[in-house]
Structure formats: structure tokens, C-alpha cells
Amino acid sequence: MTFRDLPIQRKILLSIVGTVTVVLLVIESVFVFYNWFSVRDALSRNLVAVAEVFSLNTTAALSFADAAAAEEVLSSLRGMPQIGRACLYQGGSDDAPLFASFVRDADSLPCAAEGLKRSTSTLDTLIVAKDVWLGNDKLGHFVIERELSDLWQTTRVDSLLLLAMLGLSVVVAVLISSRLQSIIAAPILGLLDTIRRVSLSSDYSLRAQRSGNDEVGELIDGFNVMLSHIASRDFALEQAQEELKLRIQQADVANEELRRALDDLNRTQQQLVDTEKMAALGGLVAGVAHEVNTPVGVSVTAASTLRAESLTAEKAYSDGQLTNTELKHYFEHCMQSTEIILNNLQRAADLVHSFKQVAVDQTSFERREFCLKSYFDETLLSLRPNFKKTRVQVEIDCDSSIQVNSVPGAISQIFTNLLMNSLLHGYDEGEEGIIRVEVSEQERQIVIRYSDDGHGMEDAVRRKIFEPFFTTRRGVGGSGLGMHIVYNLVTQQLKGKIQVNSVLGEGTEVVISFPSGR
């Protein structure tokens with residue numbers, strides 16, 4: 001376990017005790033080393049003084065070459081127990097011989113034959129070399145050696161004393177740190193205990209007890225404020241969750257009601273679309289009845305006339321009064337009548353065929369290839385009764401060579417709805433007008449520009465024109481589904497695009513584009 005992972009009480013104890021121990025060790029080490037070197041310097045100076053005195057005292061002995069006198073002078077060093085030996089050399093040369101010496105006991109090293117020329121020192125001894133002079137003459141040199149055992153003894157005693165003081169200091173530090181633990185660590189441990197209880201119980205009403213006005217006290221206050229905020233947010237969150245559940249339930253109910261309303265709307269819309277189809281088919285039937293009525297009436301008239309002529313010719317033949325001239329006239333009249341009957345019946349047959357194709361296309365959206373110009377003409381023919389009561393003319397500009405492979409029923413219904421929409425909204429009763437239909441083919445795209453010079457519409461109305469059930473003529477013939485059906489047929493059946501441009505008082509333009517399918 002590292003120091004970082006230790007409990008805070010142990011950290012405080014180790015920090016205080018460790019700091020005190022290190023500081024005292026540094027201080028004691030500095031003191032011991034300083035004291036050792038200071039005492040050694042003092043002993044060295046004292047030994048130099050002793051060497052100075054003895055070098056003066058042995059001057060006479062060296063001058064008279066009296067070795068016994070010199071030995072007697074050196075023997076006085078026995079009163080200095082730390083002096084191990086002293087050596088007196090005679091002569092001024094570097095290899096001067098030993099003249100006299102003092103050796104404390106048999107364990108001490110004897111003097112060397114040649115003396116040292118300079119002072120030196122080791123951890124255990126001090127050696128001082130001193131030249132002996134008489135005036136300007138160098139008589140020899142004196143070497144004295146002192147042991148440092150007393151210094152080491154004193155140092156050991158001082159070290160033991162300092163170690164004892166260190167131990168006492170550590171004990172005092174332990175006692176002080178124990179007291180500080182209760183002052184410093186107790187609030188933190190109390191805060192930690194509160195945190196643990198909050199984590200286990202999720203009870204944010206718990207509070208840590210403040211024990212002072214220091215940083216720890218501020219930390220505890222901040223923690224308590226945080227618990228208050230969390231408790232407030234939890235309460236607000238619970239209320240929000242309850243409100244969300246209620247709103248979800250309300251939304252589910254509303255969605256269910258909306259789904260049922262949408263189903264009803266779809267059914268109603270489908271019924272209205274079917275009604276629009278049936279109305280268009282009714283208009284087609286009316287057109288068929290009106291258009292077919294003319295050639296059929298002519299044929300009936302011609303047949304009636306032929307029958308009357310035949311009865312007259314038969315009566316003249318029976319009476320024997322039929323002349324060649326009358327017979328020739330009868331034959332000519334027969335040829336004319338049969339020609340009229342055949343032409344008008346053929347015209348009626350062609351009309352019925354066209355109306356039949358348009359009716360089939362309007363009730364089924366199957367793809368086939370057809371001529372766009374012919375189909376527009378057939379559709380317009382079926383709507384002729386609606387235009388005979390108006391002063392509105394329809395002009396179709398479409399090249400008869402334009403062939404498409406598309407859904408003719410969708411195109412017929414689009415064209416029909418646009419024409420009826422113009423008649424209903426674009427012109428007043430008896431008002432003159434022109435509806436133009438321009439068809440072109442551009443890069444396998446059929447572009448139909450449908451325009452009228454009617455009343456036009458406001459921009460607000462134009463933006464809503466494709467919305468289902470939107471109409472400005474509700475109650476007077478408008479269902480609001482015509483342009484919505486047109487939009488769906490163009491975008492879904494023809495896979496094309498539609499755009500409406502209109503200015504109030506300047507008419508309306510509808511641009512439709514869709515693939516030619518070829």
C-alpha cells in the first residue's frame with residue numbers, strides 16, 4: 001500500500017512524525033559534524049602551540065648535541081595522555097637523523113628514521129611538524145602526534161544524547177499528532193461517513209456536522225448545500241416524471257382518438273374521391289348521351305324518311321302506276337338515306353368507342369401507350385356539354401406525334417379536374433374566357449402548361465390549393481378535393497411534379513411535368 005492509499009489519520013501521523021524525525025536528524029547530524037570539526041580544529045591549534053613550546057625547549061639540547069637533555073624535555077609529554085609520540089630530528093637537511101623521541105607505550109608506533117616535513121591529520125590522529133631554529137640556523141625539526149580517541153568518545157556521547165532527544169521528540173510528535181488527528185481528521189471522517197450513508201441509502205436529507213470555521217468547515221457547508229440542491233432536483237425530477245407519465249397517458253389517449261379520426265378522415269376522403277369519380281363518370285355519361293343523340297337522331301330521321309318513300313313506291317307499284325322516273329327517284333333517295341344513316345351510325349359508334357375508352361381509363365389506372373393529342377380531344381369531347389352553356393373556349397396546342405407510355409386515366413382525370421376547376425372558380429356566369437393547353441416534350445419529359453385568363457387567386461389561397469377539403473366555394477359546388485386529387489395523381493401515378501402560379505385578377509397557370517415513359 002502506498003502513502004497515497006493510507007487512511008488520513010495515518011497520513012497525519014506519518015507526516016508529523018516523519019517531518020520531526022527528518023528535521024531533527026538533519027539538525028543533529030549538522031551539530032555532530034560541526035562539533036567534531038570544531039573540536040578537532042581546537043585540538044589542532046593546541047597541538048601546534050605544544051609543538052611550538054617543545055621546539056623552543058629543545059633548542060639548547062640540539063645546539064649542544066645533548067640527546068639526554070632532549071629525551072628529558074620530551075618525557076614531560078607523558079602528562080598529556082593523548083600524545084602518542086614525539087620525535088626530534090637533528091640537522092637542516094630533508095633526511096636528518098632521529099635525535100630524540102617520546103613513545104607513550106609499546107602499542108604506540110616508534111619514530112621513523114626520517115621525520116615528516118609537514119603537518120597532516122587523519123580521522124584518528126593529528127600530526128604537527130615544527131622546525132627548530134636558533135637565530136637563522138635551522139637545528140632540526142620536531143614532530144608531535146596526538147590521538148583523537150577522546151574526540152571520538154565525546155562524539156559518541158553527544159550522538160547518544162541526541163538520539164535520546166530524537167526519540168523523546170518522536171514520542172512528543174506522536175502525542176501531538178494524535179491530538180491533531182481528532183481536530184483535523186475527525187471532521188473529514190465525519191464528512192466521509194455522511195457520504196457513505198448517502199451513497200447507500202440515497203437519502204439526500206442527511207447532513208454532515210460542521211466542527212469549525214476553517215477550510216474543512218467550508219467544505220462541509222458546500223457538501224451540505226450540494227445535498228440540498230440534489231434533494232431539490234430529485235423532488236423536481238420526480239414531479240416532472242409524474243407529469244411526464246400523465247402527459248404520456250394523455251398523449252396516448254389523444255393519439256388513439258387522432259388515429260380513429262384519421263381513419264374516419266381517410267374513409268371520408270376515399271368516399272369523396274369515389275364521389276368525384278362517379279360525378280366525373282356522370283358527366284361523361286351526360287356527354288355521351290348528348291353527343292350520341294345527334295347522329296342517332298339524324299339516322300332516325302333519315303330512316304323515317306326512307307320508310308315513307310318506300311311505302312309510297314310500294315303503293316305506286318301495287319297500283320301499277322310506278323314509272324321509271326319515280327323508280328329512279330326512289331333509288332336515289334334510298335342511296336342518300338342509307339349514306340346518311342351509315343355515316344351517322346359510324347359517327348355514333350366512334351363516339352361510343354371514345355367515351356368507352358375514357359370511361360375505362362377513369363375507373364382504372366393501368367399503363368398503356370397512347371397519343372396525347374387524341375386523348376385530350378376525346379376527354380374534351382366528353383366535357384362538351386359543360387362548355388356549351390358557357391362562353392369559355394378551350395384551345396389545345398399539342399403535336400399529334402407525341403406518344404406517351406403512361407396512365408391515361410390519371411391524365412384524363414387531371415385534365416377534367418383542371419377544366420372544371422376553371423369553370424367553377426375562374427369565370428362568372430356568362431363571362432367570356434380562353435383556356436389554353438400547351439403540351440411539349442423535353443428530354444423524355446412531358447410538360448403541360450395549362451392556363452386560363454380567369455379571376456386568378458390570392459397568394460394565401462394559392463399556397464393552400466393542394467390541401468384536402470380546402471375550397472373557396474364551400475356550399476356552392478366546391479368539395480375541396482379537386483386540386484388535391486390532381487396533386488396526388490401527378491406525384492404518385494405519373495411520378496411527376498406540379499406547380500401553380502396565379503395572380504389575383506390575371507388568371508392562373510398550372511405547370512405539370514412527368515416522364516414520357518418511352
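**Cavity, helices and cysteines**

Mentor: With four residues, helix 9 gives the most to the lining of the largest cavity. Keep in mind that this is a predicted model, in which local features need pLDDT of at least 70 and side-chain atom pairs count only at pLDDT 80 or more, while totals for chains, interfaces and linings use all residues. Residues are numbered from 1 along each chain as its sequence is written, and side-chain values use heavy atoms, with hydrogens and water left out.

Trainee: How many cavities of 30 Å³ or more are there?
Mentor: The structure holds two of them, a cavity being a set of points on a 1 Å grid over the protein atoms alone where a 1.4 Å probe fits but cannot get out. The largest cavity has about 70 Å³ of space, where a volume is the space filled by probe spheres set on the points, joined across faces, edges and corners.

Trainee: Which residues line the largest one?
Mentor: Among them are Phe376, Ile411, Phe415, Leu418, Tyr450 and Phe514, lining residues being those with an atom within 4 Å of a point. Helix 9, strand 10 (445–452) and strand 12 (508–515) are the elements that give two or more residues to that lining; helices (H or I, at least four residues) and strands (E, at least two) are DSSP runs numbered from the N terminus.

Trainee: Is helix 9 mostly covered or open?
Mentor: Mostly covered, since 15 of its 19 residues are buried, meaning under 20% relative accessible area with a 1.4 Å probe and protein chains only. Helix 9 (residues 408–426) should span 27 Å at 1.5 Å a residue, and its end C-alpha atoms are 26 Å apart, which agrees; the expected span is 1.5 Å times one less than the number of residues.

Trainee: And what about helix 11, which residues are buried there?
Mentor: They are Met483, His484, Ile485, Val486, Leu489 and Val490. Just after helix 11, Lys495 takes a positive phi of about 60°.

Trainee: Switching to cysteines, how many disulfides are there?
Mentor: The count comes to zero, with a disulfide being a pair of cysteine sulfur atoms within 2.5 Å.

Terms used: Buried means under 20% relative accessible area, exposed over 50%, partly exposed in between (1.4 Å probe, protein chains only). On a 1 Å grid over the protein atoms alone, a cavity is a set of points where a 1.4 Å probe fits but cannot get out, and a pocket is an open set with protein on both sides within 12 Å along at least five of seven lines; lining residues have an atom within 4 Å of a point.
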